[in-house]
Amino acid sequence: MNTSTDRILTTHVGSLPRPQEVVDFLFAQDRGEPYDAAKFNAALGRAVTDRVVRQCEAGIDVVSDGEMSKISYATYIRHRLTGFEAGDVPRATPADLDDFPEYRDRIAAIGATPKYLRPICKGPIGVKDVEPLNRDIARFKDALAHANVVDAFMTAVSPGTIAMFQPNEYYPSHQAYLEALAGAMRTEYETIVESGVLLQVDCPDLAFGRHVNFRNADEDEFLRNAAIQVEALNDALAAVPADRVRLHVCWGNYEGPHHRDIPLAKVLPILFRAKPMALLIEGANPRHEHEWEIWKTHKLPDDKILVPGVLDSSCNFIEHPELVEQRIVRYADLVGRDRVIAGTDCGFGTFAGFGAVHPSICWAKMRSLAEGAQLATMKLWGPAMAAV
């Protein structure tokens with residue numbers, strides 16, 4: 001994993017706005033409707049190439065494939081693993097939104113909620129089809145062959161996050177469910193790393209899960225389960241080098257009150273136990289920006305680097321480059337300039353067909369990220385390095 005040895009590098013969390021033709025294919029696939037597979041694959045190829053080009057043009061150093069082939073970062077596994085069936089179990093509403101029911105109902109009424117089918121575990125979990133992943137890798141590497149990037153990554157969902165969003169109606173316990181998921185996801189994790197790109201595991205279960213599936217539990221119970229979920233993830237990553245893996249944690253990528261978010265200080269010791277070298281943690285939105293100060297009292301382990309969110313992914317404000325610079329420098333002053341990569345709070349296309357940030361504004365925010373990183377480089381290394 002390339003780190004910031006002479007300048008502040010830039011990256012993001014992974015998902016990017018998908019073209020409408022890709023969105024249409026993804027929903028047809030998810031609903032089991034007929035579609036032209038060859039045309040779908042061609043559309044995905046065009047979309048991945050375009051998104052890599054756009055990231056490079058915006059000044060992003062560590063790029064992704066934008067999750068073009070996934071209807072969402074968590075439920076795509078229904079098409080790759082056995083044991084899951086589409087169902088109509090009601091989705092758990094985050095507790096902070098339930099505290100403001102009129103607002104909750106308004107965002108649902110305007111369509112600002114997921115539309116994909118929700119998988120339910122009804123049988124033994126195993127690897128069903130590796131070809132979708134192999135095609136994702138091939139498309140991404142084709143696009144990277146014509147791009148000048150520092151590094152590249154692909155995302156995959158964590159066992160704990162699958163368990164958070166996909167109800168278990170088969171395994172006798174939560175731990176047994178996690179163990180089965182870890183065993184099945186091991187193939188995806190290892191295949192991504194063996195392809196030569198970085199792996200990012202998405203773990204909102206370690207924070208967002210507190211006010212979703214553990215909303216009625218006490219804090220100790222949530223933290224105990226979060227620790228078990230990290231153990232399952234580490235087991236799935238047993239054969240993967242830590243320096244080839246990033247871990248993303250967040251409190252939910254939506255504009256809402258977020259007053260029930262568990263503080264970062266409570267979950268940070270558990271995050272430190274996770275194997276991945278890079279920790280991608282929200283740090284730009286109004287509920288969590290103050291938590292940069294936590295690094296005054298909590299030492300970042302020597303074997304880890306920090307990728308703080310310095311762009312808010314839930315609003316259409318374009319952060320001023322000087323604000324981005326200030327956010328980056330705060331972290332660099334506390335954990336070391338060579339241990340910080342500038343990132344985003346979450347993805348810009350978490351669900352196919354919906355994103356809080358308008359696509360054109362997404363790219364403008366990315367450009368501001370790159371400009372802010374240049375300013376931070378000037379402050380941290382001097383004008384000569386910023387000009388390189």
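**Helix pairs and the sheet**

Author: This is a predicted model. Start with helix H5 (residues 131-144) and H7, whose axes come within 11 Å and cross at roughly 20°. Since angles under 35 degrees count as roughly parallel, H5 is therefore roughly parallel to H7.

Reader: Which residues of H5 and H7 make the contact?

Author: H5 contributes Leu133, Asn134 and Ile137, and H7 contributes Glu188, Thr191 and Ile192. Sorted by class, this contact of H5 with H7 has three nonpolar, two polar and one charged residues. The crossing of H5 past H7 is right-handed.

Reader: How is a packed pair of helices described in general?

Author: By the angle between the two axes and the distance between them. Apply that to helix H1 (residues 20-31) and helix H2 (residues 37-58): their axes come within 9 Å and cross at roughly 135°. H1 and H2 are therefore oblique to each other. In this case the crossing is left-handed.

Reader: Which residues of H1 and H2 meet?

Author: From H1 they are Glu21, Val22, Phe25, Leu26 and Gln29; from H2 they are Lys39, Phe40, Ala43, Leu44, Arg46 and Ala47. The residues of this contact of H1 with H2 divide into seven nonpolar, one polar and three charged.

Reader: Now the sheet. How do strands pair?

Author: Strands of a sheet pair through backbone hydrogen bonds, either parallel or antiparallel. Here six strands form an open sheet with parallel pairing, in the order S1-S4-S5-S6-S7-S8. Strand S1 (62-64) and strand S8 (305-308) are the edge strands, each pairing on one side only. On average, neighbouring strands of this sheet are turned by 30° against each other, direction ignored.

Reader: How many bridges join S1 to S4, and how many join S7 to S8?

Author: Three bridges join S1 to strand S4 (residues 151-157); Val62 stands opposite Asp151 in S4. Four join strand S7 (residues 278-281) to S8, where Leu279 has Leu306 as its bridge partner.

Reader: Are the residues on the two faces of S8 buried or exposed?

Author: Buried, on both faces: Ile305 and Val307 lie on one side, Leu306 and Pro308 on the other.

Reader: Which strands does H7 lie across?

Author: Helix H7 (residues 174-194) lies across S4 and strand S5 (198-202), and runs at about 175° to S4.

Definitions and conventions
Residues are numbered from 1 along each chain as its sequence is written. This is a predicted model: local features need pLDDT of at least 70, side-chain atom pairs count only at pLDDT 80 or more; totals for chains, interfaces and linings use all residues. Side-chain values use heavy atoms; hydrogens and water are left out. Two strands pair if DSSP finds at least two bridges between them. Axes are lines fitted to C-alpha atoms, for helices over the stretch in contact, and angles run from 0 to 180 degrees between N-to-C directions. Contact means heavy atoms within 4.5 Å. Angles under 35 degrees count as roughly parallel, over 145 as roughly antiparallel, 65 to 115 as roughly perpendicular and the rest as oblique. A crossing is left-handed if the near helix is turned anticlockwise from the far one by less than a right angle, and right-handed if clockwise. Ala, Val, Leu, Ile, Met, Phe, Trp, Tyr, Cys and Pro count as nonpolar, Asp, Glu, Lys and Arg as charged, and the others, Gly among them, as polar. Buried means under 20% relative accessible area, exposed over 50%, partly exposed in between (1.4 Å probe, protein chains only).
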